[in-house]
Every structure is written in structure tokens, then in C-alpha cells.
Amino acid sequence: MDHLQVVDSQSQPAALSPSVYVPPTLRDDECYHVFISYSSTDYRWTHSLINQLESCSLQVCYHERDFTPGRTVLENMSDCIQHSQKVLLVLSPEFVRSRWCLLEANMSLFRDCLERKPIVPVLLDPGVSVPLHLCHLTYLEASDPDFKNKLLKVLCTPNMKLQGSTMVPFQPPSLYNGKALQPLVAVNDEGLNKWDSGQFSDMEVPDQLRQIIEDQEKYREAVRLINSVSQNKVWLRPLWLRALIYIAGVLFFLLLLAFSGGMIVMTIIFLEFPTKNANIGAVTIFSLCCIPIGFIIQLCLWKRDDEKYIVREMQKALGQANTILLKEKVLMGCLSNAKIYLVYVSLDGCKQEFAETFCEQVVTEEMFQKALKFFSSGYACCLAKRHFPYSQPPSTGHLQGGICFCQYVSQQLSRGEWQ
């Protein structure tokens with residue numbers, strides 16, 4: 001499928017050349033050559049295109065005419081896609097905001113039929129941001145003077161002969177490298193204590209990740225690692241438990257001090273050294289006063305460190321999780337205990353950089369795994385927030401227009417920050 005250009009949604013499509021192409025034969029389970037999905041704001045342009053396609057003997061399906069009354073939009077869309085040879089999406093800002101959101105939000109429903117149908121994206125507006133699930137496809141731009149003939153060529157080509165359709169696995173291109181995906185929010189974020197870790201659902205993979213992660217069990221394993229933080233790292237964090245431990249410690253210390261003081265007093269009385277007796281008594285009183293003061297200070301410091309502690313523990317778990325998700329080109333990171341940032345990024349170039357730095361393969365793998373565990377969570381957050389705590393390095397990295405992972409690790413090590 002060749003690239004084309006964009007046309008204004010109010011302009012009329014150029015005339016087609018029906019004599020050149022012959023529509024493919026419809027099979028038993030097919031009623032249409034193409035299902036067209038578009039926004040109502042693009043009605044004029046789309047219907048002009050539909051009229052021309054139908055004048056070329058193509059069977060076109062669209063919602064105003066062919067949806068069955070009394071059924072939901074999702075049911076109608078699923079059936080129309082199922083009974084059409086191809087799917088044409090008229091991409092405009094309004095379509096991405098409304099129509100595509102409906103498809104994307106229910107990608108699990110449409111994925112099976114879409115993976116067997118070639119998708120033909122037609123770009124009407126040069127300002128449209130192509131959705132993630134479509135960015136691996138070659139799209140048509142409607143302003144090319146030869147747009148309609150090229151569109152006819154695609155629609156009249158049998159599915160098995162088409163290249164670059166969604167019949168091949170989804171592989172996000174390099175232009176999406178380093179971009180943030182929709183973050184994960186803890187299922188228990190309401191009323192979540194600062195000293196506790198958020199819990200994230202591992203029952204099913206989010207729709208946005210199903211298009212990227214082939215082995216979905218890896219995702220579940222990664223989420224279970226993160227959820228284990230709450231079970232393994234927070235049992236000493238509740239304030240009442242810490243206060244109880246401190247009180248027990250203070251009582252034990254007082255008993256020990258009383259026993260030691262009694263022994264000292266007995267010794268002084270026995271040896272009759274009154275001056276030393278007075279000095280030791282003063283030291284004992286001062287020590288007793290320091291105990292509650294130290295107790296209060298420590299409780300305040302511990303309380304202040306609550307959130308930092310649990311975030312650090314979650315970042316360690318995310319580092320472990322990222323070693324699992326590395327092959328899927330997905331990294332996770334967190335800055336709080338209730339949200340996980342997700343980014344799509346390839347670290348292949350950075351791993352090769354490690355291999356060139358450390359000659360032995362065993363050492364290379366060990367050092368790269370350590371770097372992932374210590375630094376991948378922070379790197380994912382920086383990519384998601386589009387902000388790094390230092391300026392762009394002068395040397396070119398492995399991430400176009402950004403800071404790659406090995407540059408991030410180098411900068412953090414030079415600053416003495418292990419995160």
C-alpha cells in the first residue's frame with residue numbers, strides 16, 4: 001500500500017477509474033467488500049467516497065444504512081467487520097476522539113476479527129495523531145491526486161496478496177519508541193495508606209498491552225511481583241505496631257538500666273565514694289530523659305519516611321518486573337504507591353552497548369540485569385513524564401530525540417544516585 005497525502009474533510013474525492021480494477025469475489029461468509037467507519041463530522045466527504053466506490057461495483061457497508069436496529073453499536077460493528085473483506089477507517093480528530101475510542105476500549109472484542117481483516121487507514125487531517133494500534137500500518141492520505149486509484153487498487157486486491165495489513169502481528173515501529181502508555185492505577189487506591197503498597201489487577205492484561213505483549217503470562221508474573229511488596233515489606237509499617245515495639249524496647253532498656261544502676265549504687269555504697277555516687281546519679285537521670293525524647297524523634301522520622309520507603313520497595317520490585325518484560329519492549333516505573341507508569345521502549349541498542357563495554361557475555365548479562373533492577377523504574381518514569389534531571393548528553397544515544405537507557409545509567413552513576 002503506497003503513501004498518499006491529506007485532503008480537507010469538506011472537499012470532494014477525485015474521480016475513480018473503475019475500468020482498471022475488478023472487485024474480488026465475495027466468499028460465503030462475506031457480504032461486503034469493505035466496512036467504512038467514520039465520524040459524523042466527516043459525513044459529506046465519506047459519502048461522496050462511498051458513492052464512487054459503489055459505482056465501481058464495490059459492496060460498501062456503513063453504519064447509517066447497514067446497522068441492524070435494536071442492537072448495540074458494538075454488536076453491529078463486530079458483525080459488519082466480520083462480514084466484510086476489509087475495514088476502512090476515515091481518520092480525523094473527531095474520529096480518534098469518538099469512534100476510535102469505542103474500538104480501542106473494546107479491543108478484546110474486535111481483535112480476533114481485525115487480525116484477519118486488512119485495515120485501510122485514510123488520513124483526512126494532517127494534525128491527526130495516528131492511534132497506537134494503527135501506527136504500524138501504512139496509511140493512505142487523502143490529498144494525493146492519485147489517492148482514489150490507489151485506494152481502489154487496495155480494495156480490489158485479494159486479502160492474501162496484501163502486504164502490511166493487520167494479518168501480521170502488531171509491531172510498534174521505532175517512531176513510537178520511548179512513548180508512554182496509559183498508566184496502571186491501583187485497585188485499592190481509595191483509602192490506601194501511605195505506608196502500604198498499591199495492589200494491581202493481574203486477572204487480565206489491559207487492552208492497550210494486549211497489542212504489545214505476546215506472552216500475557218509475563219505481564220501477570222510482573223504484576224504479582226509488585227503486589228508481593230504489600231505482603232513482604234509493610235508488616236512493620238503501621239504506627240501502632242511500631243509504637244508497641246518501641247514501648248517494649250524502652251521497658252526492656254529501663255529494666256536493664258535499673259539493674260545496672262542498682263549494681264553501681266551497691267558498689268558505691270560498699271566502697272563509700274559519695275562524689276562518684278552523685279555523678280553517676282546525674283548521668284543516670286540524663287539518660288532516662290533522653291529515652292522518651294529519642295523515642296518521639298524516631299517515631300516522627302519513621303512516619304516521615306513511610307511513603308519514601310514503600311516507593312523504594314516498589315521500585316525494587318518494578319526493576320525485577322522489568323527484567324521479565326524486557327523482551328516485550330515494555331518498562332514499568334513508579335513515583336507513588338498507587339500508580340505505575342508504562343512506556344514502550346526498545347533497549348536492544350543499549351544492551352549492545354553493554355556487550356561492547358564488558359567483553360565477556362556472562363559479565364555483560366549480569367551487569368545489564370543489575371542495571372535494569374536498579375535504574376529501569378526511574379528511567380521509565382522519566383520517559384513517561386518527559387523530564388530528566390539533567391540536560392541532553394552531547395553524544396547521540398540509542399533513543400531518537402531522547403536519552404537512552406545506557407546514557408541514563410551513566411548519568412545516575414556519575415551523580416551517585418542508585419535509582
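Reply: Lys329 sits in the loop that runs between α12 (306–325) and β7 (330–333). Helices (H or I, at least four residues) and strands (E, at least two) are taken as DSSP runs and numbered from the N terminus. The model is a predicted one, in which local features need pLDDT of at least 70 and side-chain atom pairs count only at pLDDT 80 or more, while totals for chains, interfaces and linings use all residues. Residues are numbered from 1 along each chain as its sequence is written, and side-chain values use heavy atoms, with hydrogens and water left out.

The backbone of Lys329 has a positive phi of about 60°, although Lys329 is not a glycine. Most residues other than glycine have a negative phi. Lys329 is partly exposed, at a relative accessible area of 25%; buried means under 20% relative accessible area, exposed over 50%, and partly exposed in between (1.4 Å probe, protein chains only).

Arg386 also has a positive phi, near 55°, and is not glycine. Arg386 lies in the loop between α14 and α15 (405–415). With 74% relative accessibility, Arg386 counts as exposed.

After α15 comes Gly416, with a positive phi near 75°.

The two covering helices also meet each other. Two packed helices are described by the angle between their axes and the distance between the axes. For helix α13 (residues 348–357) and helix α14 (residues 361–385), the axes come within 9 Å and cross at roughly 130°. That angle makes α13 oblique to α14. Axes are lines fitted to C-alpha atoms, for helices over the stretch in contact, and angles run from 0 to 180 degrees between N-to-C directions. Angles under 35 degrees count as roughly parallel, over 145 as roughly antiparallel, 65 to 115 as roughly perpendicular and the rest as oblique. The crossing of α13 with α14 is right-handed; a crossing is left-handed if the near helix is turned anticlockwise from the far one by less than a right angle, and right-handed if clockwise.

On the α13 side, Cys350, Lys351, Phe354 and Ala355 make the contact, and on the α14 side Thr364, Glu365, Met367, Phe368 and Ala371. Contact means heavy atoms within 4.5 Å. By class, the residues of the α13 contact with α14 are six nonpolar, one polar and two charged. Ala, Val, Leu, Ile, Met, Phe, Trp, Tyr, Cys and Pro count as nonpolar, Asp, Glu, Lys and Arg as charged, and the others, Gly among them, as polar.

Another helix pair is α1 (residues 43–55) with α7 (residues 147–155), whose axes come within 12 Å and cross at roughly 60°. This makes α1 oblique to α7. The crossing of α1 and α7 is right-handed. Trp45, Leu49 and Leu53 of α1 touch Phe147, Lys148, Leu151, Leu152 and Leu155 of α7. In the contact of α1 with α7, seven residues are nonpolar, none is polar and one is charged.

Next, the sheet. Five strands form an open sheet with parallel pairing, in the order β2-β1-β3-β4-β5. β2 (60–61) and β5 (140–141) stand at the edges with a single partner strand each, so one side of each has no neighbour in the sheet. Two strands pair if DSSP finds at least two bridges between them.

Strand β1 (residues 32–37) pairs with β3 in the parallel sense over five bridges. Phe35 stands opposite Val87 in β3, and the bridge partner of Ser37 in β3 is Leu89. β3 also pairs with strand β4 (residues 119–123), again in the parallel sense over five bridges. Here Leu91 is opposite Leu123 in β4. Eight of the eight residues of strand β3 (residues 84–91) are buried, so β3 is largely enclosed by the rest of the structure. Helix α3 (residues 73–82) lies across β1, β2 and β3 and runs at about 125° to β3.

For the protein as a whole, the secondary structure comes to 15 helices and eight strands. Of its 419 residues, 44% count as buried. Among contacts between residues at least 6 apart in sequence, 73% join residues at least 24 apart.
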